[in-house]
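Have the viewer open as you read.

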Amino acid sequence: VPWDVTLSNSVDVGASFTSPGTWSGSGTVAASSVCVDCAGTGVAAVLNAGTSVIINSGVETANGNAAGYGTGNGNITVAAPISWASTSQLSLYAYKDIAINDAISGVSGTLVARSYHGNISQAAAIAASALFAYADAGAVTLTSAGNSVGTLAGYAAASPGFNFVNASAFAVDAVIGSHGVGTNNQPISLTANSGNLTIADAVYGIKSGSGSISLTATSGSVLESTGLITGNALTVTAGSAIDLASAGNVINTLTASQTSAGGAGIAFNNNRSYSVTSVSNAAVAGGVSLNTTGGSVFNIDVGGPVTAGASGAIAINAGGTGALTRSGSGVWNANSITLQSSSTGAIGTSGSPLLTSSVSGGNADIHIGYPGTGPAAVYVSHTGDAFLDTLSTFSANAPLSVSASNNLVVHP
């Protein structure tokens with residue numbers, strides 16, 4: 001039977017200091033004041049002295065086994081602020097819930113929060129160089145706008161999934177040997193309210209199974225350095241750029257929005273056929289580049305509007321032989337559009353041509369195919385004025401239908 005542990009500013013009234021940096025037992029552990037039976041010091045003082053601390057509410061772990069039997073639920077509650085300046089690690093191992101109800105601040109240190117049978121939540125901010133939040137059977141909800149974490153990793157098994165908000169830039173990477181952020185077919189939502197959100201972990205990256213994924217960098221960029229994304233529906237919002245061009249991405253639907261007039265482009269690559277729900281770029285020169293892995297047979301379907309900036313370009317290529325298709329009213333909006341720059345896959349069908357459109361009354365320059373070969377079939381219907389680049393190349397005997405609601409000019 002586990003016990004309940006509360007970290008507070010009162011003296012320790014029950015928990016035992018069983019070894020340097022390890023508390024386990026029923027009762028209260030002093031967060032910053034001196035406690036009666038913990039070697040004359042509290043948690044924060046031990047951390048500041050350079051010793052890592054483990055708080056255990058009744059869990060057998062390789063890093064700190066609890067001894068004896070308690071009479072509680074196995075919850076850990078942080079009820080007083082804990083602050084340390086060293087690189088030490090604070091580990092909270094809870095049989096059930098972890099509630100961070102007062103601030104934890106270890107700006108150079110690591111916070112480990114693992115709940116084996118419950119949830120991880122917060123009512124106060126976390127500041128740490130690295131955070132590992134893992135709920136074996138529950139959810140992770142760490143959405144305080146005051147969080148300041150440098151590197152994040154973790155897992156959530158149950159609804160509502162893994163939700164994290166950070167005040168500043170952060171990276172999804174490995175923490176204490178655990179890679180990326182994942183769920184058991186549950187949603188993942190990660191937000192950086194300033195700075196960039198970077199997916200750096202190349203082992204799991206962000207992985208939600210059949211769950212949805214939402215990535216937001218309110219004023220910065222959403223980036224992949226060496227990372228990858230695996231899930232169902234991916235929604236990305238950024239105030240600057242979206243650059244998710246990893247060959248390891250595997251999602252089913254994409255929704256992307258770049259929200260700032262001073263922002264940059266949107267780039268996405270996927271290692272599976274996918275559907276585009278909507279993509280928009282608010283930057284005047286903001287372009288859109290959508291691809292599937294080079295040489296693949298994976299298709300790209302447009303089911304909603306894809307819009308570049310007023311002077312931005314759209315480039316879309318479906319692998320090596322993948323097709324560009326349209327479902328519903330999906331349309332590509334730009335004054336420079338490149339289709340299938342390295343793929344021989346068809347563009348549209350006779351019954352459902354690819355829809356393109358000029359923006360701001362411009363003349364759209366449409367380039368199709370690439371030197372030496374090109375798509376096996378082309379069906380494009382354009383709204384507005386369009387120039388069809390004579391450098392466009394098509395496969396031998398390929399059916400070709402390109403139309404425009406206004407002028408259509410073939411030009412060198």
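A nonpolar core here is a set of buried Ala, Val, Leu, Ile, Met, Phe, Trp, Tyr and Cys residues joined through side-chain atoms within 4.5 Å; buried means under 20% relative accessible area, exposed over 50%, and partly exposed in between, with a 1.4 Å probe and protein chains only. What you see is a predicted model, in which local features need pLDDT of at least 70 and side-chain atom pairs count only at pLDDT 80 or more, while totals for chains, interfaces and linings use all residues. Residues are numbered from 1 along each chain as its sequence is written, and side-chain values use heavy atoms, leaving out hydrogens and water.

The largest nonpolar core has 84 residues, and Leu90, Phe162, Leu190, Leu215 and Leu234 have the most contacts inside it. Strand 12, residues 126-135, gives the most to this core, with 5 residues. A second, separate core has 10 residues, including Ile54, Val112, Tyr116 and Tyr134. In soluble globular proteins, nonpolar side chains tend to be buried together.

Stepping back, the protein has 1 helix and 43 strands, assigned as DSSP runs numbered from the N terminus (helices H or I, at least four residues; strands E, at least two). Of its 412 residues, 53% are buried.

Now for the charges. The structure holds 1 salt bridge, meaning a side-chain nitrogen of Lys or Arg within 4 Å of a carboxyl oxygen of Asp or Glu. Asp136 and Arg114 form it, at 2.8 Å from N to O. Asp136 lies in the loop between strand 12 and strand 13 (140-142) and Arg114 in strand 10 (residues 104-115), so the pair ties together parts 22 residues apart in sequence. Asp136 is partly exposed at 27% relative accessibility, and Arg114 is partly exposed at 21%.

Arg114 also lies over the face of Tyr134, 4.4 Å from the ring centre; the rule asks for NZ of Lys or CZ of Arg within 6 Å of the ring centre and within 35 degrees of the ring normal.

Phe132 and Tyr134 make a tilted one, 5.5 Å centre to centre with 35° between the planes.

Methods:
Phe/Tyr/Trp six-rings, centres within 6.5 Å; stacked < 30°, edge-to-face > 60°.
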